[in-house]
Amino acid sequence: MNELSAQLHFAEHRLQEVALAFMALVYLTRVLWFLRHKAGGERQPTTARDPKARRRGILYSWATVAMPWAMESTRRMPFFYVQFVLFHLGVTAAITLSFLIPYGPGVLESSALVLVFQVLIWAAFAVGVLRLARRIRNPYIRAISSPDDFFAVFLLTVWFFFAALSVPNDVSGGEGILLTYFWLTAFFLVYVPFSKISHYLYYPFTRYYLGKSLGYRGVYPVYRVQGS
Amino acid sequence: MSTTEKQTRSWKAERVLDGMGKKLSRQITGSLVACVHCGMCTESCHYVLANPGDPTYAPAYKADKIRRLFKRHHDWTGKVFPWWVKAGSVYTDEELEELKDIVFGRCTNCRRCTFSCPMGVDLATFNRMARGLLVSVGIMPEGVAVVSKDQWETGNQMGVLKEDYLETLEWMEEELQDELDDPTVSIPVDQPDCDVVYSINPREVKYDPRTISDAAKIFHVAREKWTMASEGWDMTNFGLFSGDDALGGSVASRLYEKVNELRGKTLVISECGHGFRSTRCEGPNWAKFDVPFVMESSIFTMLRYIKEGRIKVDKSKNPKPVTYHDSCNFARSCGITEEPRELLHLVCEDVREMYPNRAENYCCTGGGGAMSMSEYTRERLKSGVVKANQLEATGAEVVVTSCHNCVDGLTDVIRHYKLGMEVTQLVNLVANALVIEGKPAHAVVPGLEVEAGSNAQA
């Protein structure tokens, strides 16, 4: 392993720490802002048969993301669902990488693990390219897209590209790739709370309230019969 | 927001934006911030399917017309860099009129898209909020204004006068006495201490009184101690469609207070999706009223009568092939999908499922009060092609539904697409299948365990 330059050391450590702290602070503010809104409630008795329906509804609602058969949209577009899984696995891998390189570089000495990370992140990169093309070409998606939507996909795709190249954590050929990856990661952390990428912050809340309501009303879990 | 910007905004636009801030609950805020514009909802909407190639019908596109206001006035990125997230405001009454055409004319609040959204965005809920904000400044389709006014003034959404209502009940009572050749058959009104207070949709009085006599026949054969109310009998609630919670609370209270006054034990709600949802589920919240009696759909009442052996039915009396259309409000907002089917199988010989069904069924096109908005009829009927194809594929001759709005919506679609099908309700089929003996039997039907009012309030 070659010695890191001061620049790369800063990008891997202090820069990330500051960016992470900033993101955490902004997220906390955001969650508090969200919780300031009234929660709403239901006075009427449940219309569900199961007395634990509210809890079941919440769990079902949260689990929907892992049940592609539960929604008509994911049944109709299985390839899109596979893309979704790959994309988010890639995000997880690329984020994990940003911690492994500075704090646990030894882990990346395993060539098998390096391969796993590379496969996941390259797959996510490919999905990013497909998603960008879809957003530009599909008239339905283009009509609802904002500059933030385009930029978010573009940013992540570029980030995947540099993350995939950074996986071996090898600076023998120069530090450019790693420096770019860590500066992009820092930018990503700072930008995310202001962009649609922050959807994962809201996801648990949105699905919680939907599941709570639809569970209480006996709608969730959705009952389907074969062929429907 | 700058002072200049405020000054250039119309009074109505200002009021709508102020109102939005007060309406934002966690549920609505979550739905407004969480959309990632993935487009998964697009093909769930019958308007989209009927208008291929036109992205302006897509649920996310329509939602963004409301969301842009939220972003501009309540979301930090939208406040600072509105162009970056397509945030925007409203300034003129004309812009509010355009919004009206979207929230009333291009969405029936059927909630189907919610079930296809990975993020759990509930467009129907904030679309209703937007409707309510527009209604609060007098911007609404003519029909919504008329019906709301009727419901505020007369207590029922069709402006049926008390004397006309009571006359219709008397007329139905006489018809029933003739049909059963029994002068003791009655449609009681304002009888106190009854087990059942039966509430109906004013459409039944005005256009379909047979549903009243059919229900009376079933109550009579079941030897139910029941009554109807002379006031507060309308279980429909235009507040659900117009987004006006005050109207919703007022209409629901009128019904609850009357049942209390009569000391009724159970409020039975005749077959109506939005009526059931409004009375049973939303009404107590709008009215801020803890209802002390049981409320159930007449579907459950009829099913219970059969299971308890209080009525006997002969399914061979309904031999035509039938299919069941799930009302959006029943299936996607109240979880009632199996009981109507159970009842249908008990009273009909040939039941055919339509696909998709239950919580994934398509809207009849009459949801969200669309039947009262004649200015959007052309678009509504065009979107009906989805329902028409669904109906035709079943090969059924009769469409059964538990909703008066759906009866009208389906009838329009069937006429427009020349399907030649009949539309009826469960009450008609049950009444037709009744086995009327000298004395009603009380034997329990073997194999059918009583599960009275699983949607009831007790």
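**View 1. B:Lys86 sits in the loop that runs between H6 and helix H7 (93-103) of chain B.** The model shown here and in the other views is predicted. The phi angle of B:Lys86 is near 55°, which is positive although the residue is not a glycine. Is B:Lys86 buried, exposed or partly exposed? B:Lys86 has 19 C-beta neighbours inside 10 Å and therefore counts as partly exposed, since a buried residue needs 20 or more.

**View 2. B:Thr365 is another residue other than glycine with a positive phi, here near 90°.** B:Thr365 belongs to the loop between S6 and H19 of chain B. B:Thr365 is buried, because 32 other C-beta atoms lie within 10 Å. The loop between S6 and helix H19 (377-383) of chain B also holds B:Pro356. The peptide bond that leads from B:Tyr355 to B:Pro356 is cis, and its omega is near -10°.

**View 3. A cis peptide bond in chain A links A:Tyr220 to A:Pro221.** Omega of this bond is about -5°. A:Pro221 is found in the segment that comes after helix H10 (199-216) of chain A.

**View 4. An open sheet of 4 strands in chain B has the order S6-S5-S7-S8, with parallel pairing.** S6 and strand S8 (422-424) of chain B are the edge strands; each has a single partner strand, so one side of each has no neighbour in the sheet. On average, neighbouring strands of this sheet are turned by 30° against each other, with direction ignored. Strands of a sheet pair through backbone hydrogen bonds, either parallel or antiparallel.

**View 5. Strand S5 of chain B pairs with S6(B) and with S7(B).** The parallel pairing of S5(B) with S6(B) runs over 3 bridges. In S6(B), the residue opposite B:Pro321 is B:Asp350. S5(B) and S7(B) are paired over 4 bridges, again in the parallel sense. On the S7(B) side, B:Tyr324 has B:Val400 as its bridge partner, and B:His325 faces B:Thr401. How many of the 5 residues of S5(B) are buried? The strand S5(B) is mostly covered, with 4 of its 5 residues buried.

**View 6. Helix H20 (residues 385-394) of chain B has a buried set made up of B:Lys387, B:Ala388, B:Gln390, B:Leu391 and B:Thr394.** Why do these residues lie on the same side of H20(B)? They cover an arc of only 160° around the axis, and this places them on the same side of H20(B). An α-helix has 3.6 residues a turn, so residues three or four places apart point the same way. B:Gly395 follows H20(B) and has a positive phi, near 70°.

**View 7. In chain A, the axes of helix H8 (residues 147-166) and helix H9 (residues 176-191) cross at roughly 140°.** These two axes come within 9 Å. The crossing of H8(A) past H9(A) is left-handed. On the H8(A) side, the contact is made by A:Leu155, A:Val158, A:Trp159, A:Phe162, A:Ala163, A:Leu165 and A:Ser166. H9(A) contributes A:Ile177, A:Leu178, A:Thr180, A:Tyr181, A:Leu184 and A:Phe188. Sorted by class, the contact of H8(A) with H9(A) has 11 nonpolar residues, 2 polar residues and no charged residues.

**View 8. Where chain B meets chain A, 54 residues of chain B are in contact with 46 residues of chain A.** Which helices of chain B each supply at least two residues of the side that touches chain A? They are helix H3 (26-33), helix H5 (59-74), helix H6 (76-80), helix H15 (273-287) and helix H17 (328-333) of chain B. H3(B) gives the largest share of the side of chain B that touches chain A, with 6 residues. By class, this side of chain B has 24 nonpolar, 20 polar and 10 charged residues.

Methods: Residues are numbered from 1 along each chain as its sequence is written. Chains are lettered from A and ligands numbered from 1 in the order in which they are written. This is a predicted model: local features need pLDDT of at least 70, side-chain atom pairs count only at pLDDT 80 or more; totals for chains, interfaces and linings use all residues. Two residues are in contact if their C-beta atoms, placed from the backbone, lie within 7 Å. Ala, Val, Leu, Ile, Met, Phe, Trp, Tyr, Cys and Pro count as nonpolar, Asp, Glu, Lys and Arg as charged, and the others, Gly among them, as polar. Axes are lines fitted to C-alpha atoms, for helices over the stretch in contact, and angles run from 0 to 180 degrees between N-to-C directions. A crossing is left-handed if the near helix is turned anticlockwise from the far one by less than a right angle, and right-handed if clockwise. A residue is buried if 20 or more other C-beta atoms lie within 10 Å of its own, exposed if 12 or fewer, and partly exposed in between; C-beta atoms are placed from the backbone. The arc is that of the directions from the helix axis to the C-beta atoms. Two strands pair if DSSP finds at least two bridges between them.
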